[in-house]
Amino acid sequence: MKVVSTKVYRGPHLYSELPMIQIQLDLGALEQWPTSSIVGFSDRLTALLPNLWEHGCSYGEPGGFVRRMAEGTWLGHVIEHVAIELQCLVGMKVSRGKTRSVKGQPGVYNVLYCYVDETVGLAAGRLAVQLVNSLLPEHLRGIDGLDEITDGGEFTDLAAGLKALSELAATRAFGPTTASLIHEAERRHIPVQRLDDSSLILLGQGKSQKRIRASCTDLTSEVATEIAADKDLTKLLLDQAGLPVPTGKLVRSADEAVRAAEDLGYPVVTKPLDGNHGRGVNIDLKTEADVRWGFEQAREHGRIVIVERYFAGADHRILVIGGQVVAVAKRVPAHVVGDGVSSIRALIDEVNRDPRRGEGHSSVLTRIEVDECVEHFLAISGLTVGSIPAAGETVMLRPTANLSTGGTAIDRTDEIHPENALIARRAAQIVGLDIAGIDFVCPDISQPVSRTGGGIIEVNAGPGFRMHLEPFQGRPRNVARPVLEMLFPEGSTGRIPVFAITGTNGKSTTARMLNHILKEAGCTVGLTSTTGVYLDGQRVMTGDCSGPRSARVVLREPSVDAAVLECARGGILREGLAFDECDVAACLNVAEDHLGLKGIDTIEDLAAVKSVVVESVRRGGWSILNADNEHTAAMAEHAGGQICYFTLKDQEEWPDFLSEHVARGGRAISRQRMAEGWDIVIHEDNEAIYFMKVSEIPATLDGWAEFNVANALAAVAMAHCHRIPLNTIRAAMREFTTSFEDSPGRLNIHDGHGFRTILDYAHNPDGLRALGHLVGKMRERHQRVIGMVGTAGDRRDVDIRAMGELAAGLFDVIVFKEDDMLRGREPGTVAALMQ
Ligand code: ATP
Ligand code: ATP
Ligand code: MG
Ligand code: MG
């Protein structure tokens with residue numbers, strides 16, 4: 001088999017509204033070998049990947065896919081399921097995919113499957129191709145073009161491949177804190193985008209966006225973070241506020257440490273001034289020798305060492321978010337419980353066999369490691385790792401309870417005494433953190449520390465959520481929820497209104513009209529179009545910006561509170577839309593253009609691509625469709641939200657579907673011929689609302705430029721469906737012009753020297769035909785109309801000839817001009833075809 005190409009669809013696309021990876025495969029001779037004809041294939045595959053038994057596939061129940069293999073399905077389809085399964089095996093849960101044969105190319109398939117992480121998804125596809133290939137009989141084996149997928153390894157056995165894949169997945173996966181926040185954001189329908197290779201995440205869009213990095217947010221103050229990182233300064237501020245903290249001293253030598261301990265009174269604690277994860281911390285030091293040893297330990301982690309009073313009791317973590325205590329965990333240091341026969345080392349090994357224990361922060365718990373600190377801590381009680389504790393005896397292995405050194409956590413959220421909670425809330429506020437992890441030591445969290453003794457050891461910025469999300473004991477707490485409530489209050493989804501415009505002709509003009517209306521309505525608009533990206537009217541990027549990359553620029557822009565996006569065919573085919581859903585979309589028309597490019601051969605294919613845009617309209621949104629074009633009218637069946645049609649036809653000439661739609665109370669906007677000129681009329685709820693005269697819109701040249709009337713109807717419909725007041729829309733349309741400065745090449749008119757000159761970008765037969773109306777009108781007033789006509793070289797010969805033929809009917813004199821960019825044609829060919 002041969003890998004033809006790969007694509008990553010990051011938004012809704014031709015095959016699905018879900019992001020998917022597409023691998024185009026040419027099965028070649030394997031087209032003659034469905035699974036049922038390859039002896040033992042299905043058995044070999046399911047033996048390697050037994051979870052394939054769970055795949056429902058078209059039967060929608062476990063075993064469905066295996067049944068399909070028994071009945072006979074093609075290997076592209078198998079690769080799809082294997083790619084999905086491999087991702088699941090490395091912890092990236094996905095389930096959807098589809099495989100479609102490519103029209104007119106027997107044996108060629110588009111294999112599509114969902115992904116969580118693009119890199120892992122691609123690597124899984126690559127491995128899937130290799131794995132399926134390795135299970136084929138010798139004479140059918142062989143892969144061409146494997147590197148089309150991604151540059152990864154080559155594997156003949158599953159184990160090695162899976163190991164590499166899970167290593168890759170581990171580098172790409174998020175930590176538990178970030179993962180919980182992403183999960184909660186997705187649950188709330190807030191858009192999520194990863195901004196870097198680690199954990200910087202963008203939530204929401206435009207002006208409503210917020211960023212997070214693990215549990216630090218856009219609201220986390222840098223000053224507060226710095227204060228929290230300085231334990232001594234934190235204690236100073238909390239002490240000044242009357243909060244309970246262990247008094248202490250900063251020391252630089254062992255002698256100073258001993259003096260400090262004597263001043264404070266034993267027992268004491270030694271720790272580095274700016275340490276973390278409990279490194280170098282030693283508690284309950286009762287003698288001079290202990291303090292000297294503790295000083296040296298702390299010194300390894302920082303130049304300055306704190307000696308402070310020891311608070312007796314258990315270690316608690318109080319999580320304060322947005323001024324509220326949202327979770328409390330009691331943290332228990334790593335320990336083992338004896339059975340009377342096993343050594344401490346054997347008991348540790350046993351504890352580490354718990355599948356919940358992994359390396360670092362990625363799993364629920366972390367394995368206990370025997371290091372110098374453990375050995376020393378045991379030595380204090382006269383033990384070694386070889387000692388055998390009595391049955392039922394608990395042996396603590398470390399002084400501190402950090403999860404990352406093997407500690408466990410017990411949820412105590414419901415037990416915290418209100419006085420302790422108040423102390424924690426004030427501490428977070430005094431340090432100035434929106435999200436703070438307060439380390440609180442006391443004998444019993446349900447008793448006030450004013451009575452039991454104890455207090456705040458430390459305030460942590462960016463605290464981990466792991467111990468609250470999945471405590472070892474007690475109720476798990478969804479602490480991600482209050483973070484998102486703080487960032488996006490009142491159920492906000494962090495979205496800005498998104499307007500998407502597609503069609504063969506008129507996209508840029510309509511987008512500019514809508515941009516103008518929204519600006520009039522007070523919005524800071526981000527606009528993408530074929531001439532560039534504009535932020536609040538300023539061009540910030542130049543060039544063809546009608547694809548998803550430019551759209552993403554706008555959606556990420558912090559100043560933007562409405563996005564108007566021109567969505568051209570090329571970008572939709574290349575990587576899908578830049579957004580998962582939009583509020584209002586318009587499909588202006590579908591006409592012959594770009595046919596024969598990128599697998600789009602018929603006008604129906606083209607309509608299917610453009611339909612993706614209106615299908616992405618959210619529930620409660622609007623799809624604006626051209627009722628005069630059969631292809632756009634037909635999109636009503638799959639379009640999202642409610643439908644509003646626009647038409648240039650007088651009501652008397654409406655097709656039945658339109659009359660019926662309006663009779664049912666549906667919405668449409670039309671041009672109506674009156675005694676003098678034309679009116680624009682909005683039909684809705686069985687009422688006809690006179691909106692304005694066509695001639696009041698300068699861009700229509702008194703209604704002569706019919707295509708701009710159509711574009712104006714679409715723009716007005718989009719704005720009206722978004723509930724912009726009609727007065728605002730009217731005022732904006734009266735002002736909108738098509739000067740060369742505003743929209744170069746879109747119906748720019750210059751009168752002078754006894755000539756009227758029109759510069760227009762009509763670049764396909766339909767566009768030129770539309771311009772023809774205007775040329776016809778000009779004939780009535782002018783003696784002679786000279787046309788200079790060109791078209792792009794990558795269009796089909798028939799389309800280029802059609803341009804020539806149309807021009808012949810319009811102008812008195814024609815100059816055929818070729819583009820500077822020939823797009824693959826020999827000089828002179830395009831002009832010759834038109835001629
Ligand atoms: P982390 O990164 O987990 O916050 P850290 O390196 O910042 O750790 P501390 O929080 O200062 O270190 O100390 C670690 C643990 O040591 C505390 O959670 C607590 O269990 C214990 N501890 C520290 N200081 C004292 C004290 N004065 N009295 C009692 N126990 C203490
Ligand atoms: P592109 O595909 O190049 O981005 P576009 O869809 O953005 O084009 P515009 O730039 O708005 O379209 O218009 C290009 C030309 O197409 C205009 O100058 C005009 O000649 C013609 N045109 C504009 N609107 C329409 C329409 N609604 N129907 C037919 N032709 C139109
Ligand atoms: Mg701490
Ligand atoms: Mg355009």
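Predicted model: local features only at pLDDT ≥ 70, side-chain atom pairs only at ≥ 80, totals over all residues.
Modeller: Residues are numbered from 1 along each chain as its sequence is written, while chains are lettered from A and ligands numbered from 1 in the order in which they are written.

Colleague: What makes a residue count as buried, and what share of the protein chain does?

Modeller: A buried residue has 20 or more other C-beta atoms within 10 Å of its own; 12 or fewer makes it exposed, anything in between partly exposed, and C-beta atoms are placed from the backbone. Of the 835 residues in the protein chain, 45% pass as buried.

Colleague: What counts as a helix or a strand, and how many of each are there?

Modeller: They're DSSP runs numbered from the N terminus: H or I with at least four residues for helices, E with at least two for strands. The protein chain comes to 27 helices and 36 strands.

Colleague: Why are H6 and H16 called oblique?

Modeller: The axes of H6 (residues 176-187) and H16 (residues 480-487) come within 9 Å and cross at roughly 60°. Axes are lines fitted to C-alpha atoms, for helices over the stretch in contact, with angles from 0 to 180 degrees between N-to-C directions. Under 35 degrees is roughly parallel, over 145 roughly antiparallel, 65 to 115 roughly perpendicular, and the rest oblique. So H6 and H16 are oblique to each other.

Colleague: Which residues of H6 and H16 meet?

Modeller: Contact needs C-beta atoms, placed from the backbone, within 7 Å. Ser180, Leu181, His183, Glu184 and Ala185 of H6 meet Ala480, Arg481, Val483 and Leu484 of H16. That makes five nonpolar, two polar and two charged residues. Nonpolar covers Ala, Val, Leu, Ile, Met, Phe, Trp, Tyr, Cys and Pro; charged covers Asp, Glu, Lys and Arg; the others, Gly among them, are polar.

Colleague: What puts a residue around a ligand, and which come nearest to ligand 1?

Modeller: Its C-beta atom, placed from the backbone, must lie within 6 Å of the molecule. Ligand 1 has 23 such residues, with Pro246, Asn276, Phe311, Asp315 and Thr400 nearest. Strand S21 gives the most, three residues.

Colleague: And which helix gives the most around ligand 2?

Modeller: H25, with four residues. By class, that shell divides into nine nonpolar, 10 polar and four charged residues.

Terms used
Contact = placed C-beta atoms within 7 Å.
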